[in-house]
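Student: Could we go through this model together, one contact at a time? I would like each answer to end on the value or name I asked for.

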Amino acid sequence: MGGDGKALVLGGGGVTGVAWEIGLLHGLAEHGVDLTGAGLFVGTSAGSIVAAQVLSGVPLKDLFEAQRADPTGQLTARITVSGLLSFLVAGLWPGDPARGRAWLGRRALRARTIPEAERRAVIAERIGDHDWPATRLLITAVEAETGTPRIFDAASGVSLVDAVAASCAVPLTWAPVTIDGVRYVDGGIRSVANADLAAGNRQVVVLAPVAQSARRSGRPAAQLAALGPGVRSALISPDAAARAAIGRNVLDPSRRRPAAEAGRAQAAAEAERLRAIWE
């Protein structure tokens, strides 16, 4: 689903994942490696927010500074132990993976969360520009009732805000998002990054705040390997310093600034490897 060129895949990972990815992109650009010129962006959950923000035309420096702003007053959520176990069960569901996703999606439909409209308003504020970008952007979500993956793009007839909100609808934490009468949950249920959607491109870079999933086929490393030997690719996840900065709750806005700064610092160690792949 690519363009035989360059693809940037942005994986999920909560508010700290958004911050780390933006910090990393900003730091790489400072070292002369600008990944934002890719012809295809794939955004999953937090990565869909990053993709929408980057492709809105706002400079990376400004996006980075926004991640460093005072988070006072912003809602702190948490993925509960029950939620984590539910993700694990869904990921390890035997047979058809869609059945596991549907089991989790139906649990999400019954969960008590803040109202869907309130969450959508938060997403609308975060992404700024509400028009689909000229650069090709694929945003992933999953139908809650059936577990069927859905890929939204500019031709899907779905607004960018709705697509991002659906991709970020973490089951049991945020309300499923309604689009044309269908309820959707987080695209990360299918895969934490959905790197397989970059097939057809010769240079692929994946930023994955979370690189592991219960099912091996959903892991970015396995998906990159399946793209074939002719593809130059790289998978970047938080290093030890970034993991410490992110902390244990990826939905905690107070960890946004340290996560962004850790991403920027990590870029120094990744720049030369990525330069060889990207250029």
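Student: At what N to O distance do the side chains of Glu30 and Arg264 meet in a salt bridge?

Tutor: Before the value, note that this is a predicted model, in which local features need pLDDT of at least 70 and side-chain atom pairs count only at pLDDT 80 or more, while totals for chains, interfaces and linings use all residues. Residues are numbered from 1 along each chain as its sequence is written, and side-chain values use heavy atoms, with hydrogens and water left out. A salt bridge is defined here as a side-chain nitrogen of Lys or Arg within 4 Å of a carboxyl oxygen of Asp or Glu. For Glu30 and Arg264, the N to O distance is 2.6 Å.

Student: Is Asp162, which meets Arg120 in a salt bridge, buried or exposed?

Tutor: The side chains of Arg120 and Asp162 meet at 2.6 Å, N to O. Because Arg120 lies in helix 6 and Asp162 in helix 7 (residues 160–167), the pair ties together parts that are 42 residues apart in sequence. Buried means under 20% relative accessible area, exposed over 50%, and partly exposed in between, with a 1.4 Å probe and protein chains only. Arg120 has 34% relative accessibility and therefore counts as partly exposed, whereas Asp162, at 16%, is buried.

Student: What is the angle between the planes of Trp93 and Trp103?

Tutor: Rings of Phe, Tyr and Trp (its six-membered ring) pair if their centres lie within 6.5 Å, and planes under 30 degrees apart count as stacked, over 60 as edge-to-face and the rest as tilted. By this rule there are two aromatic pairs. One of them joins Trp93 and Trp103, with 5.7 Å centre to centre, and this pair is tilted, the angle between its planes being 35 degrees.

Student: Which arrangement do the rings of Phe152 and Tyr184 adopt?

Tutor: Phe152 sits in strand 4 (residues 149–152) and Tyr184 in strand 6, 32 residues apart. Both Phe152 and Tyr184 are buried. Because their ring centres are 5.4 Å apart and their planes lie at 75 degrees, the pair is edge-to-face.

Student: The side chain of Asn201 reaches the backbone nitrogen of which residue?

Tutor: Asn201 is found in the loop between strand 6 (182–186) and strand 7 (203–207), and it counts as buried because its relative accessibility is 4%. Its side chain reaches the backbone oxygen of Ala198 at 3.1 Å. It also reaches, at 3.1 Å, the backbone nitrogen of Gly5.

Student: How many of the residues of helix 2 are buried?

Tutor: Helix 2 covers residues 46–54 and is mostly covered. Among its buried residues are Ser48, Ile49 and Gln53.

Definitions and conventions:
Helices (H or I, at least four residues) and strands (E, at least two) are DSSP runs, numbered from the N terminus. A polar contact is a pair of N or O atoms within 3.5 Å; within protein, one must be able to donate a hydrogen and the other to accept it, and residues adjacent in sequence count only if both atoms are side-chain atoms.
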